[in-house]
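Please examine the sequence and the three-dimensional structure shown below. The paragraphs that follow lead through selected features step by step.

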Amino acid sequence: MNLTSTVTAATNNAKKAFLDISHIDMVFPTPTGGFTALKEVDLQIEKGEFISLIGHSGCGKSTVLNIVAGLYQATKGGILLKNKEVNEPGPERAVVFQNHSLLPWLTSYQNVELAVKQVFNNTMSKGEMKEWIEYNLKLVHMDHAMHKRPDEISGGMKQRVGIARALAMQPEVLLMDEPFGALDALTRAHMQDSLMEIQNELNNTVIMITHDVDEAVLLSDRIVMMTNGPEATIGEILEVELERPRNRLSLAKDLEYNRLRSDVLTFLYEKQRKVENISTKANVAPSTLKKSVNEK
Amino acid sequence: MSSTAVNMNRSTVTEKMLKVFKSTLSKITNAMLLPVIGITIFVFLWSIAAQSIHTSLGEFPGPNAVVKQFSSLYSEHVAERDKAEAFYQRQDKRNAAKLAKNPQYVTKIRAYTGKETFLDQIITSLITVTCGFLVAAMIAIPLGIWMGLNKRLNASFNPIVQIFKPVSPLAWLPLVTMVVSALYVSDDPMVSKSFLTSMITVSLCSLWPMVINTSIGVSSIDSDLLNVSKVLRLSTFTHIKKIVLPASIPMIFTGMRLSFSVAWMVLIAAEMLAQNPGLGKFVWDEFQNGSSDSLARIMAAVVVIGFIGFLLDRGMLQLQRKVSWNKSSVSV
């Protein structure tokens, strides 16, 4: 509805971002009137960029992602992908869901196959498809369990297959909704390394939602920090100019890494501290944190 | 329990063996012994109760009388088959003789018109119930899927389903009978009217559990899986084939099993009134016949009806196990 105005705005600014999240508002209808979840979310993303969305629960990160995916329609504003408006879901914006969302009655291979068949039905032969499916499963190191069903593999493995399925669609933008949120810390670290390795090879455009500050700093080119809802919007954007390939061990002592990390922490726990249910302990934590930041 | 470690070790081994032994024993007890005990007690009580009930057709049949009737029903079946065989032989002979006399003679082959035996009636009943059930499934499952996919359709159809679901087959039967005799007019009918009436009544009554369960199964599919389908832009057909059907198979089968039980129950009543030559008609004919054996024969039919119903349900369960991806969702 607001397409023409956003298009002209985009051309006027003469910035042709690869993915343009343009002045988005999101209002959910509730029995007591509209609830404004997002207000004026505006973000331009370049091709090959890895963006993390971070913020407290309920701040509307997932809503942003779902709007980009086309699963929700923004109330105001819109999404432009390569200067075309997005208003329905599609495989060029593949989603890695939080809880893997594999079809439980299909094997890993068949889950990826469903996506590949749908996207490359007219451009690939059967043999090529098979190769492509196997290539993607190999990429996430799941080639050994290709013919196992989701209930026969672990949580981390399921998430790998979910990523393989998304990658196999060769998306323009890869959307990940807390992809490692449900995994234990060790598996999560392992998955992050895998993801960096894949990203190194494919250089996808990625938007990832996360709760994990380390994850955000380690993986992203930019960290988009969102303010608390209602009327959540982008609070700060942090450029992460750490050299790639990144190594979690050597970064742990890296000054720049720690500065970025504490910036994010300061934003989350000081500027955007959740006002509700603060215990005395929670009050102590940010101040000590602040001190350590100042010392540097 | 022993106090030293060595003794502990030894005793744990024996204990383990004992445990395994005990658990197998309890499994056998649970699976075999207890049902046998239950059935024995039931038969005992039945025979005592039967002796003290006197009807106008004699004593109420006890287990003995019923067993006797089983063997007599079987020998009647054999005798009837022999008669039929003899009839066809005579007919062949007669035709051959006529052909020998006059080569232009067009042979007439007539079917044997003796009465159906108990076994024939069982088979007729099975065919009728299967046809009725299949017709119902062919309507109910697509309708249920459609209702599950479309909230508005569901809202508009659900009241109708809920109202028709509790209707007794006996209420439908007169209507179905009249409609069938009005519409099914043919000089050379493929199937008899009574078959059609019973079958349609069975369908009408077994439709609803399938519709309800299928629509619930479809409408309660995990929204994440629906989002996957949306992101992949699956066509409606692929969406149904790849996501909706597999996801709702457990619920569809629950509905089918419920429906099949209903169908089997309805069938007996429908056959009684529609005079379709099946088990229902057998019971009715024996009741009308009123011989001293009648009650025992009806009781034999009751046992057979129950047993077949049980087997049909087990059959559906096996089928469900075979097609369902989620084996743990399949329960007795």
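With 18 C-beta neighbours inside 10 Å, A:H23 counts as partly exposed. This class lies between buried, which requires 20 or more other C-beta atoms within 10 Å of the residue's own, and exposed, which requires 12 or fewer, with C-beta atoms placed from the backbone. A:H23 belongs to strand β1 (residues 19-30) of chain A; helices (H or I, at least four residues) and strands (E, at least two) are DSSP runs, numbered from the N terminus. Although A:H23 is not a glycine, its phi is positive, at about 45°.

The model is predicted: local features need pLDDT of at least 70 and side-chain atom pairs count only at pLDDT 80 or more, while totals for chains, interfaces and linings use all residues. Residues are numbered from 1 along each chain as its sequence is written, and chains are lettered from A and ligands numbered from 1 in the order in which they are written.

A positive phi also occurs in chain B, where B:R233, again not a glycine, has a value of about 50°. B:R233 is located in the loop between α7 and α8 of chain B. It is partly exposed, because 16 other C-beta atoms lie within 10 Å. A:P245 sits in the loop between β10 (234-239) and α8 (248-251) of chain A.

Where do the two chains meet? The contact takes 16 residues from chain A and 14 residues from chain B; two residues are in contact if their C-beta atoms, placed from the backbone, lie within 7 Å. On the side of chain B that touches chain A, α7 (223-231) and α8 (236-274) each supply at least two residues. The largest share of that side, six residues, comes from α7(B). By type, the residues of this side of chain B are eight nonpolar, two polar and four charged. Here Ala, Val, Leu, Ile, Met, Phe, Trp, Tyr, Cys and Pro count as nonpolar, Asp, Glu, Lys and Arg as charged, and the others, Gly among them, as polar.
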